[in-house]
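Please look through the sequence and the model shown below. The paragraphs after it go through a few of the local features one by one.

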Amino acid sequence: MSNIITMIPVRLAATRLPNKPLLDINGKTLIQRVYENVRKYMPGDVVVASGDQAILDECAKFGAKAVLTDPSLPSGTDRIAAALKELDPEGNKYDIVVNFQGDNINVDPRVNLPLIEMVERTGCDIATCGMVITDKEAVENPNNVKIVMGLREGEKEGRCLYFTRAAAPYIRNPEKTPNHDFYHHIGIYVFKAASLRKIVSLPVGVLEARESLEQLRTLENGMYIRAMLIEEMKLIKEAPADINTPEELEEAKKWIK
């Protein structure tokens, strides 16, 4: 049985919605609602990782364990790795680390359970997930990251060969290719703990810098990422999955009680 920790990386510096984690949503802060959802559904330990003392002070109010990290860390991945090092300096306490984003107020934490199982079953370094996209405009939108993987008809998971902002893979003969779905990457990650420590020790990759996609560092260094297709990831279908704008904040308040 794996020892699992779910890390929630959080930071105050959000340009579109300042102090986002501390915003009130019908009586509870965003970070409290996210933490409580994770605590309710996920096995093992749950810890908030933040570079801001104000976040730790808020976590203390509702009883969440939190670790203060360097505020200058470049990514959530670096933040959870730094918190893991503090909690498990010998590297022998945890086997699997779940990265659950601190603004994912309406993402169902149970999405991670089959990903944990996939890491245990296949030994992949990272497990993640995607959704089928068929809308041409969505496929061509560079903000929608695509997973390139060779799934046959009926298959729901496979090795990730590449991640890209481009419309890929190219379909040369669509009439001869019965299954030519595109897969939208959903940025949910489950790491082997040892793999997480290795990834943050590696230099920024050439392709990672070109596409601005940190998961490419893992692939460039010969590591194994596996993805599973999902159809739904929300707790409340009508509410936004996460909160990044004032409009999404108001929409969340309508649904999340």
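How many salt bridges does the count come to? In this predicted model, the count comes to 11 salt bridges. Side chains of opposite charge can pair when their charged atoms come close.

One of these pairs is formed by Asp103 and Lys20, whose side chains meet with 2.9 Å from N to O. The pair links distant parts of the chain, 83 residues apart. Asp103 sits in the loop between strand 6 (96-99) and helix 4 (112-122), while Lys20 sits in the loop between strand 1 and strand 2. Are these two side chains in buried or exposed residues? Asp103 has a relative accessible area of 14%, so it counts as buried. Lys20 is buried as well, at 10%.

Arg121 forms a salt bridge with Glu117, and the closest N and O atoms are 2.9 Å apart. Arg121 is partly exposed, with a relative accessible area of 44%, and Glu117 is partly exposed at 35%. The pair also belongs to a network of salt bridges that links Glu117, Arg121, Glu157 and Arg226.

In helix 9 (residues 246-255), Lys253 and Glu250 are three residues apart, which means that about one helical turn separates them. Their side chains meet in a salt bridge with 3.8 Å from N to O. Lys253 is partly exposed, with a relative accessible area of 25%, and Glu250 is partly exposed at 46%.

The next features concern the backbone. Most residues other than glycine have a negative phi, and most peptide bonds are trans. Which residue has a positive phi of about 55 degrees although it is not a glycine? This is Asn19, found in the loop between strand 1 (4-10) and strand 2 (24-25). Asn19 is partly exposed, with a relative accessible area of 41%. Asn26 has a positive phi too, of about 50 degrees, and is not a glycine either. Asn26 lies in the loop between strand 2 and strand 3 (28-29), where it is partly exposed with a relative accessible area of 35%.

The peptide bond between Ala168 and Pro169 is cis, with omega about 0 degrees. Pro169 belongs to the loop between strand 10 (162-164) and strand 11 (182-192).

Note on methods. Residues are numbered from 1 along each chain as its sequence is written. This is a predicted model: local features need pLDDT of at least 70, side-chain atom pairs count only at pLDDT 80 or more; totals for chains, interfaces and linings use all residues. Side-chain values use heavy atoms; hydrogens and water are left out. Helices (H or I, at least four residues) and strands (E, at least two) are DSSP runs, numbered from the N terminus. Buried means under 20% relative accessible area, exposed over 50%, partly exposed in between (1.4 Å probe, protein chains only). A salt bridge is a side-chain nitrogen of Lys or Arg within 4 Å of a carboxyl oxygen of Asp or Glu.
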